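Here's a protein to explore together. Take a look at the sequence and the 3D view, then read on.

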Amino acid sequence: MNEKLRILITGFGPFPGAPFNPTEPLVARLLRLRRPALSEVELTGHIFPVTYQAVDRELPQLLKKREPQALLMFGLATRTRYIRVETRARNAVTTLWPDADHARLRQGSISGGADALMFGPHTARLLGVAAGSGVEARASRNAGSYLCNYLSWRAIEAVGKDGNLRLASFVHIPLLARSGTSLRKGSPRITLEELVDAGEAMLLEMVKLARQAARAS
């Protein structure tokens with residue numbers, strides 16, 4: 001490749017019920033990584049406000065401005081005790097829970113057509129390297145019906161369209177052990193350092209996958 005590989009890493013800000021979102025410090029730490037495997041990679045990051053309007057406005061802007069070949073997205077799953085590598089986005093959205101702007105959608109689907117969109121077989125490789133970093137990680141077929149699933153759907157829609165995007169993945173992370181918020185009884189004591197290690201492993205795997213996709217295109 002004659003130019004740097006471009007990878008966009010995203011997280012979310014706080015939302016009702018989660019005044020602290022650990023995806024923010026995770027994205028910040030991944031952007032500061034300095035590794036030989038990243039020497040020819042341009043990393044950029046973005047934190048989405050937890051609103052449907054922000055996703056619809058900012059994702060197309062980011063893809064047009066940054067022109068990433070791969071998109072690695074993180075979201076918070078407050079009730080999950082392990083890392084979840086999402087394998088698909090469901091054509092479903094809650095009409096009950098408001099977003100951070102107190103907006104509710106009026107219909108329970110994102111668009112007409114398919115019941116779900118798949119991320120692709122590369123999710124198995126991300127799962128493997130995440131588990132190999134030492135944290136508990138599992139594949140997931142249900143990204144929920146809130147902003148994480150909504151962003152996942154919009155990102156999968158964008159793959160292979162007019163821009164450069166060839167790969168997208170979404171990873172749910174649990175609450176941190178020392179996040180400044182109270183954890184539920186029985187929650188795992190996962191740390192930011194452990195999340196960064198798992199995130200780094202997945203990022204480096206995305207670099208390999210994106211290079212393979214670029215050579216194949």
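This is a predicted model: local features need pLDDT of at least 70, side-chain atom pairs count only at pLDDT 80 or more; totals for chains, interfaces and linings use all residues.

Let's start with the strands. Six of them make an open sheet, in the order E2-E1-E3-E8-E4-E7, and the pairing is mixed. Strands pair through backbone hydrogen bonds, and the pairing can be parallel or antiparallel. At the edges you'll find E2 (41-48) and E7 (137-140); each has a single partner strand, so one side of each has no neighbour in the sheet. From one strand to the next, the twist averages 20°.

Now for some of the pairs. E1 (residues 5-12) and E3 (residues 70-76) are parallel and share four bridges. Leu8 has Leu71 of E3 as its bridge partner. E3 also runs parallel to E8, with seven bridges joining the two. On that side, Leu71 has Ala168 of E8 as its bridge partner.

## Strand E8, under cover

Is E8 mostly covered or mostly open? It's mostly covered: seven of its seven residues are buried. In a regular strand, side chains alternate between the two faces of the sheet. In E8, Leu167, Ser169, Val171 and Ile173 point one way, while Ala168, Phe170 and His172 point the other way, and all are buried.

Which strands does helix H2 touch? H2 (residues 52-66) packs on the sheet and touches E1, E2 and E3, and its direction makes about 165° with that of E2. Helix H4 (residues 147-158) packs on the sheet too, touching E1, E2, E3 and E8 (167-173). The direction of H4 makes about 170° with that of E3.

H2 and H4 also pack against each other, at an angle of about 30° and with their axes 11 Å apart. That makes H2 roughly parallel to H4, and the crossing is right-handed. On the H2 side, the meeting residues are Tyr52, Val55, Asp56, Leu59 and Leu63; on the H4 side, they are Leu147, Tyr150, Leu151, Arg154, Ala155 and Ala158.

## Another helix pair

Over to H3 (residues 122-132) and H5: their axes come within 8 Å and cross at roughly 145°. This crossing is right-handed. From H3, the residues that meet H5 include Leu126 and Val129, and their counterparts in H5 include Met202, Met206 and Leu209.

## Two buried residues

Let's zoom in on Glu86, which lies in strand E4 (residues 83-86). Glu86 has a relative accessible area of 0%, so it counts as buried. What does the side chain of Glu86 make a polar contact with? The side chain of Ser140, at 2.8 Å.

Pro174 sits in the loop between E8 and helix H5 (192-216). Pro174 is buried as well, because its relative accessible area is 1%. Among the residues that Pro174 touches are Pro22, Leu76, Tyr82, Ile83, Ile190 and Leu195. And Asp99? Pro174 and Asp99 are 75 residues apart in sequence and 20 Å apart in space, going from C-alpha to C-alpha.

Technical notes. Residues are numbered from 1 along each chain as its sequence is written. Side-chain values use heavy atoms; hydrogens and water are left out. Two strands pair if DSSP finds at least two bridges between them. Axes are lines fitted to C-alpha atoms, for helices over the stretch in contact, and angles run from 0 to 180 degrees between N-to-C directions. Contact means heavy atoms within 4.5 Å. Buried means under 20% relative accessible area, exposed over 50%, partly exposed in between (1.4 Å probe, protein chains only). A polar contact is a pair of N or O atoms within 3.5 Å; within protein, one must be able to donate a hydrogen and the other to accept it, and residues adjacent in sequence count only if both atoms are side-chain atoms. Angles under 35 degrees count as roughly parallel, over 145 as roughly antiparallel, 65 to 115 as roughly perpendicular and the rest as oblique. A crossing is left-handed if the near helix is turned anticlockwise from the far one by less than a right angle, and right-handed if clockwise. Lists of a residue's contacts leave out its neighbours within four places in sequence.
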